[in-house]
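Take a moment with the sequence and the model first.

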Amino acid sequence: MADSSSKSMAPLRYILSFFLFVCITFLSVSICAKAVFFNPYFIDGIFTSHACVNGMHEDINSYASDRLKASSLDESLFAETFSYENVLRDETYYITEKLSTAESYNKGKYEETMRSTKDVLKTAVFDYLSKSGVDTQRQDIKNGCELLCEDVTDYYRSVLEFKLVDKLVGVLNVSSIAFNVLCAFFSAVSLILGILLVFTGNKRYRSVRCISYSFTAAAFADFIACIAATIIMSSKNLYIFPKYLCESALNYTDSVRYVIAFAGLILIAIAAVCWTVSWLLKKDNS
């Protein structure tokens, strides 16, 4: 009779198992989004990655070289000022201040280094002209140098400053609250559904087996999402200019896919534990 009663509860177990699968799937995505996709520190790392900073370094040096050449100056005059290390430092100051991922001592460092950069450029130009025998006291020479250094500095700013960063900050702030709520909600509902499943019917191993179904299905959902994203990215070309921003966007999407796949592996591991527990309970029951 007990076995018959437990079997009669099978439809309810499967319904609860399905809803548990849905909750676990959304919970895993919410955790991934909170921990990685919309994590300011992760976004910070994208903008200060080697691919992004190296692209910025090449961009500003190419522009500076062209402007110096047009002014009949040494094309490598600003190379030291716009070294890879300096570009990395300035981009780090900018993005960490915007995303609030740095300690308070970084506040104001970006504007300070921008003012310093312009002064360094002016000094380099005047020193070069002086060594070349040019009268740097002439007003037209001073004005020309001022315009050149201001133009290069403004372009440097445009390279470092991501145009949509303020909107990104707003999205990150809202998403942080939203995903906290979602994680709490789906965690609570998953726990409730899990408890209901455990106490549905007289055969505990069948209930635990249904829980393992939920985790397994959620893992496959993550894997399918990862495969679908891979197929879409391989069949579509991403057009973002300049090129280093496109590379950064591709690195971001790759990281998203890897994290989802990793989440799927964790769910598979949990499912394996549930399958083992179900097998042991069934063995004890028999």
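Predicted model: local features only at pLDDT ≥ 70, side-chain atom pairs only at ≥ 80, totals over all residues.

Q: Why are H4 and H10 called roughly antiparallel?
A: Start with the angle: the axes of helix H4 (residues 50–70) and H10 cross at roughly 175° and come within 8 Å. Angles over 145 degrees count as roughly antiparallel, so H4 is roughly antiparallel to H10.

Q: Which residues make the contact between H4 and H10?
A: On the H4 side they are Ala51, Cys52, Gly55, Met56 and Asp59, and on the H10 side Tyr244, Glu247, Ser248 and Asn251. By class, this contact divides into four nonpolar, three polar and two charged residues.

Q: What makes H4 and H5 roughly perpendicular?
A: H4 and helix H5 (residues 84–99) pack at an angle of about 115°, and their axes are 9 Å apart. The range for roughly perpendicular runs from 65 to 115 degrees, and H4 and H5 are therefore placed in that class. As for handedness, H4 passes H5 in a right-handed crossing.

Q: Which residues of H4 and H5 meet?
A: From H4 come His50, Val53, Asn54, Met56, His57 and Ile60, which meet Tyr84, Val87, Leu88 and Glu91 of H5. Sorted by class, the contact of H4 with H5 has six nonpolar, three polar and one charged residues. Met56 is named in this contact, and Met56 is also among the H4 residues that touch H10.

Q: Why do H3 and H5 count as roughly antiparallel?
A: The axes of H3 and H5 cross at roughly 160° and come within 10 Å. With the cut-off for roughly antiparallel set at over 145 degrees, H3 and H5 are therefore roughly antiparallel to each other. H3 passes H5 in a right-handed crossing. The residues involved are Pro40, Ile43, Asp44 and Phe47 of H3, together with Glu91, Ile95, Thr96 and Leu99 of H5. That contact holds five nonpolar, one polar and two charged residues.

Q: How many nonpolar, polar and charged residues are in the lining of the largest pocket?
A: The lining has 13 nonpolar residues, one polar residue and no charged residues. Phe and Leu are on the nonpolar list, as are Ile and Ala, and the five residues nearest the centre of this pocket are Ile46, Phe47, Phe162, Leu168 and Ala249. In total 14 residues line the pocket, and its volume is about 350 Å³.

Q: Which helix gives the most to the lining of the largest pocket?
A: H10 does, with four residues. Helix H3 (40–47), helix H8 (165–198) and helix H10 (243–285) each supply at least two residues of that lining.

Q: What is the make-up of the lining of the second largest pocket, by class?
A: This lining has 13 nonpolar, three polar and no charged residues. Two or more lining residues come from each of helix H2 (10–37), H8, helix H9 (204–235) and H10. The pocket holds about 270 Å³ of space. Of its 16 lining residues, Ser28, Ile31, Ile266, Leu267 and Ile270 lie nearest the centre.

Notes. Residues numbered from 1 in each chain as written. Heavy atoms only, no water. 1 Å grid on protein atoms, 1.4 Å probe; cavity = no way out; pocket = protein on both sides within 12 Å on 5 of 7 lines; lining within 4 Å. Points joined across faces, edges and corners; volume = space filled by probe spheres on them. Axes fitted to C-alpha atoms, helices over the stretch in contact; angles between N-to-C directions. Parallel < 35°, antiparallel > 145°, perpendicular 65-115°, else oblique. Contact = heavy atoms within 4.5 Å. Left-handed = near helix turned anticlockwise from the far one by under 90°.
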